Protein chains: 2
Amino acid sequence: MSILVLGTVALDSVKTPYGARKEMLGGSAVHFSMSARIFTKVILVSIIGKDFPQKHLKFLHKKGIILASLIKTQGKTFRWQGEYRADMNAAITLATELGVLNSFRLEVREHHRKIRNIFLANVDPDIQASLLDTMHLPGLVGLDSMNYWINNKKKRLLKVMQRADLFVANDQEARSLTSEHNLYQAAKCLLRLGPKIVVIKKGEHGVIFYSKGLMFSLPAYPVHKVVDPTGAGDTFAGALMGYLSTQKKINSQHLRKALAYATVSASFNVEGFGVNKTKDLTRQDIESRLKKFRLFTNF
Amino acid sequence: MSILVLGTVALDSVKTPYGARKEMLGGSAVHFSMSARIFTKVILVSIIGKDFPQKHLKFLHKKGIILASLIKTQGKTFRWQGEYRADMNAAITLATELGVLNSFRLEVREHHRKIRNIFLANVDPDIQASLLDTMHLPGLVGLDSMNYWINNKKKRLLKVMQRADLFVANDQEARSLTSEHNLYQAAKCLLRLGPKIVVIKKGEHGVIFYSKGLMFSLPAYPVHKVVDPTGAGDTFAGALMGYLSTQKKINSQHLRKALAYATVSASFNVEGFGVNKTKDLTRQDIESRLKKFRLFTNF
């Protein structure tokens with residue numbers, strides 16, 4: 001079954017120890033789509049400005065991403081400028097220009113409102129809520145957020161969390177949302193806020209999965225040269241939700257496998273700037289790295 | 001085959017969010033012994049002062065630890081005082097009294113010098129080197145150190161590293177020894193310094209294993225309440241080296257399993273103060289948690 005993702009489409013300018021790039025195609029919905037598309041059909045819901053390069057639209061279309069609910073409006077496309085120093089786990093935001101995100105009104109096509117698998121990537125919790133209001137029969141709902149919303153719109157975020165099945169957060173976000181330092185305590189706390197499944201991403205340290213029936217963890221796939229981690233979390237979520245969307249019923253075996261696919265997909269993302277390493281990724285690439293990953297972690 | 005460990009025997013005073021304890025039995029050689037003894041016979045080489053409580057000696061003897069090369073001398077036993085706040089990964093050292101460690105001269109019994117499996121736990125690299133000089137035919141040599149020696153006696157430490165087969169370090173130590181932030185790059189760098197095997201411990205984030213033929217990683221065993229992490233690294237090393245000491249030839253399957261035993265053993269250690277949770281640990285306890293750990297991480 002197909003998946004609908006709500007998130008940002010951005011122009012990212014990034015500096016890392018391996019170089020700098022200006023106004024690359026980026027944003028949470030884009031990175032999510034790059035890995036989700038490998039497993040299923042992806043409908044991208046977002047907003048761009050009149051300045052958005054046509055070549056990027058062509059590229060997304062060519063990748064099979066459905067763009068009929070992507071709004072193009074007066075104003076500037078969302079831009080993010082960031083830097084990574086030695087610690088590639090933490091981005092330093094240099095500038096954010098919200099542009100058209102300031103006046104984001106959803107326009108989801110009627111036939112897209114019937115889609116049951118939904119991922120609410122990082123945007124204003126109010127927009128996330130209104131997307132859910134729009135949908136006819138949400139099935140599997142995944143949710144992501146970021147520290148900015150935790151600090152500035154916590155109440156609204158908590159309301160959306162009550163409507164989510166699966167909540168993904170990085171370790172910092174999980175800690176600041178729950179005031180628990182121990183990540184298992186934090187995960188337990190997050191479960192009490194609504195979602196049935198909590199996934200805590202720890203960047204280079206892998207991931208923790210927590211639900212009532214299953215506790216599970218994986219290290220990150222070993223990457224010797226992290227070129228640009230921007231979008232790794234979204235790429236992770238894309239494979240996770242993309243794979244789960246293809247399952248009729250989700251059992252613990254599917255969840256384990258989805259997490260492994262997600263880990264492997266994210267490892268490709270960080271090896272290049274922007275979508276460089278994920279744009280041509282195939283299922284075969286992922287399966288082949290999954291085999292190596294199994295050797296890397298099973299005992 | 002038995003294993004000889006050189007390290008400290010200490011009286012530890014520790015404060016954590018779960019309470020405080022004064023002058024507990026501790027030290028690198030003690031924590032190492034607590035898990036290594038589960039797999040093989042342990043010979044403890046260290047030094048204590050006249051003030052060392054007799055009950056601790058009785059306890060170690062009762063646990064089967066061979067104490068014939070443990071020196072008792074004039075002066076005070078080594079004492080460490082530390083605190084852990086929310087981030088249980090990092091100890092804050094409040095006080096260190098070296099005491100008898102200041103004048104540590106090895107006195108290893110002749111029949112102990114024939115032992116082939118050796119672990120050089122964290123002490124002055126010069127003492128580690130002189131232990132190796134003392135031994136007749138070192139076989140498997142494991143080595144640990146700490147930031148203090150990396151900063152103050154790096155050259156001497158590098159000399160000992162050339163004589164070690166297996167080097168264990170925590171992530172900070174690996175980074176500061178190699179000036180590499182990426183831990184795989186750091187591990188590669190450490191391999192060039194002599195050891196054939198590098199194990200990087202990441203506390204709550206698990207472990208990375210790196211050798212020419214095998215790259216391997218495990219998350220930490222999930223612990224919901226980290227009471228006192230003091231000695232977790234030594235407990236880890238004890239099970240790792242203890243299990244490997246029982247193997248005639250070491251292959252990659254043994255290494256994976258040793259790392260899993262080590263991870264599980266360390267998880268017991270952090271659940272209680274000092275040696276509280278490791279002092280009565282049995283092989284059965286470890287095997288049973290290993291089973292759970294497999295479910296926790298295999299996909």
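This is a predicted model: local features need pLDDT of at least 70, side-chain atom pairs count only at pLDDT 80 or more; totals for chains, interfaces and linings use all residues.
Helices (H or I, at least four residues) and strands (E, at least two residues) are taken here as DSSP runs, and they are numbered from the N terminus. Residues are numbered from 1 along each chain as its sequence is written, chains are lettered from A and ligands numbered from 1 in the order in which they are written, and side-chain values use heavy atoms, with hydrogens and water left out.

The phi angle of Ser179(A) is near 60 degrees, which is a positive value in a residue other than glycine. Is Ser179(A) buried or exposed? For this I use relative accessible area, where buried means under 20%, exposed means over 50% and partly exposed lies in between, with a 1.4 Å probe and protein chains only. Ser179(A), at 67%, counts as exposed. Glu23(A) also has a positive phi, near 50 degrees, and is likewise a residue other than glycine, but Glu23(A) belongs to strand E3 (residues 19-26) of chain A and, with a relative accessible area of 37%, is partly exposed.

Next, the aromatic residues. A pair of aromatic rings is described by the distance of the centres and the angle of the planes. Rings of Phe, Tyr and Trp (its six-membered ring) pair if their centres lie within 6.5 Å, and planes under 30 degrees apart count as stacked, over 60 as edge-to-face and the rest as tilted. By this rule there are 19 aromatic pairs over all chains. One of them joins Phe293(A) and Phe296(A), whose ring centres are 6.3 Å apart and whose planes stand at 25 degrees, so this pair is stacked. Both residues lie in helix H10 (residues 283-297) of chain A, three residues apart, or about one turn of the helix. Phe293(A) is buried at 0% relative accessibility, and Phe296(A) is buried at 3%.

In chain B, the rings of Phe293(B) and Phe296(B) have their centres 6.3 Å apart and their planes at 25 degrees, so they too are stacked. Phe293(B) counts as buried at 0% relative accessibility, and Phe296(B) is buried with a relative accessible area of 4%. These two residues also take part in one aromatic cluster with Tyr184(A), Phe299(A) and Tyr221(B).

A charge can sit over a ring as well, which requires NZ of Lys or CZ of Arg to be within 6 Å of the ring centre and within 35 degrees of the ring normal. Arg289(A) lies over the face of Phe268(A), at 3.7 Å from the ring centre, and in chain B Arg289(B) lies over the face of Phe268(B), at 3.7 Å from the ring centre.

On a 1 Å grid over the protein atoms alone, a cavity is a set of points where a 1.4 Å probe fits but cannot get out, whereas a pocket is an open set with protein on both sides within 12 Å along at least five of seven lines, and lining residues have an atom within 4 Å of a point. Grid points are joined across faces, edges and corners, and a volume is the space filled by probe spheres set on the points.

How many cavities of 30 Å³ or more are there? The count is one, and the largest cavity holds about 30 Å³ of space. Its lining comes from Glu204(A), Pro219(A), Ala220(A), Tyr184(B), Lys202(B), Ile208(B) and Ser217(B).

The second largest pocket holds about 380 Å³. It is lined by 19 residues, and those nearest its centre are Gly139(A), Leu140(A), Asp165(A), Lys249(A) and Ile250(A). Helix H8 (232-245) and helix H9 (252-270) of chain A are the elements that give two or more residues to this lining.
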